[in-house]
Structures are given as structure tokens and as C-alpha cells.
Amino acid sequence: MAEELVRDWMHRGVITCGPEMPVQAVADAMKAHDISALVVVDEAGDAIGVISRTDLVNARFVEPYLKHWRGLTAKHLMSAPVISVSDSTPIAEAAARLRDRKIHRLVVTERQDSHDKPIGILSVTDLAGKL
């Protein structure tokens, strides 16, 4: 039996934002796409962070002090650096990385020239859905 790889379990395609995207726009994008996180990319399209609904919820606790997130952008709330895998990573290795890092998702990247472009997401939900 062939070893299962990340490419067999991941969600292809990612919704991205730039680090300067206002937090309200990040929240609107998550709602519009019904997703729980955005990959934050730099000008070259490399993944530099992840911002999740949990990050937004946590920011809401300090919202009264920030007056409706004014001036707050993705770079202020994102988790960085990005924890990533390639689509050829064995699924057992990816699952161990999720467990060891205590995170909910890995960004799946593909090497293009000297850049690691995000091509998908592997989440704990993806793993649970296959069990």
C-alpha cells in the first residue's frame, strides 16, 4: 500500500491577504469565503503568516481599547513564521507536526524559483474527516 501524502488530504487553493490589510477586511474576507483563516503573503507571494478567526476573536477582547480595530492590520495579529509542508510530505509526518506545534493548520507550499508559494491548507479538520 502506498504511503498517503499531504496532497491526498489537503484543500487546494488558498485565500490570501497582504500584511497591511485592515483587520475588518480580513474578517469580511473570512466571512465571504466561509473560511477560518487567511494566509498572509508578502509582495512576492510568499507565505509570511497565518491569521485565523481565533486571532480575530482574541483581538475583540482588546477592541474597546482600540476603537473598532482602527489601524490594526493582518501583520499585527498573524502567527508567524508560517509552519508549512510540501504536498509530497507523508501525512503521518504532517500530522506529527500539527500535534507537536499545537496548531490547527499547515500551509502547503510549492517551491517556484526561489519562492515557496502557498497552494493549499491541511487542517486538523481534514485529518479528522478522513478517520
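View 1. Arginine 105 stands opposite serine 123, a residue of strand 7. The model is predicted, and residues are numbered from 1 along each chain as its sequence is written. Local features need pLDDT of at least 70, side-chain atom pairs count only at pLDDT 80 or more, totals for chains, interfaces and linings use all residues, and side-chain values use heavy atoms, with hydrogens and water left out. Strand 6 and strand 7 run antiparallel and are joined by eight bridges; two strands count as paired if DSSP finds at least two bridges between them. Helices (H or I, at least four residues) and strands (E, at least two) are DSSP runs, numbered from the N terminus. Two residues lie between the strands of this hairpin, and aspartate 113 in the turn has a positive phi of about 55°.

View 2. Strand 1 pairs with strand 7 in the antiparallel sense over two bridges, and isoleucine 121 in strand 7 is the bridge partner of histidine 11. Axes are lines fitted to C-alpha atoms, for helices over the stretch in contact, and angles run from 0 to 180 degrees between N-to-C directions.

**View 3. Leucine 98 and the buried residues of helix 6.** Where does leucine 98 lie? Its place is in helix 6. Why is leucine 98 classed as buried? Leucine 98 is buried because its relative accessible area is 4%, and buried means under 20%, exposed over 50% and partly exposed in between (1.4 Å probe, protein chains only). Leaving out residues up to four places away in sequence, leucine 98 touches Ile103, His104, Arg105, Leu106, Leu122, Val124 and Leu127. The C-alpha atoms of leucine 98 and serine 84 are separated by 9.9 Å, with the two residues 14 residues apart along the chain. The buried residues of helix 6 are Ile91, Ala94, Ala96 and Leu98. These residues pack against helix 1 (6–9), strand 6, strand 7 and helix 7 (124–130). Just after helix 6, lysine 102 takes a positive phi of about 55°.

**View 4. The three-stranded sheet and helix 2.** This open sheet has its strands in the order 2-3-4, again with mixed pairing. Its edge strands, strand 2 and strand 4, each pair on one side only. Helix 2 packs on the sheet and touches strand 2, strand 3 and strand 4, and its direction makes about 130° with that of strand 3. Strand 2 (residues 16–17) pairs with strand 3 in the parallel sense over two bridges, with valine 40 in strand 3 as the bridge partner of cysteine 17. From strand 2 the chain crosses through helix 2 (residues 23–33) to strand 3 in a right-handed β-α-β crossover, meaning that, with the strands pointing away from the viewer, the path from the first strand over the helix to the second runs clockwise.

**View 5. Strand 3, covered on both faces.** In a regular strand the side chains alternate between the two faces of the sheet. Five of the five residues of strand 3 (residues 37–41) are buried. Ala37, Val39 and Val41 lie on one side, and Leu38 and Val40 on the other. Strand 3 and strand 4 (residues 47–52) run antiparallel and are joined by five bridges; valine 39 stands opposite valine 50 in strand 4. Five residues lie between the strands of this hairpin, and glycine 45 takes a positive phi near 90°.

**View 6. The largest pocket.** The lining of the largest pocket has 17 residues, of which His11, Ile35, Ser36, Ala37 and Ile121 lie nearest its centre. Strand 3, strand 7 and helix 7 are the elements that give two or more residues to this lining. About 370 Å³ of space lies in the pocket. On a 1 Å grid over the protein atoms alone, a cavity is a set of points where a 1.4 Å probe fits but cannot get out, whereas a pocket is an open set with protein on both sides within 12 Å along at least five of seven lines; lining residues have an atom within 4 Å of a point. Grid points are joined across faces, edges and corners, and a volume is the space filled by probe spheres set on the points.

Terms used
Contact means heavy atoms within 4.5 Å.
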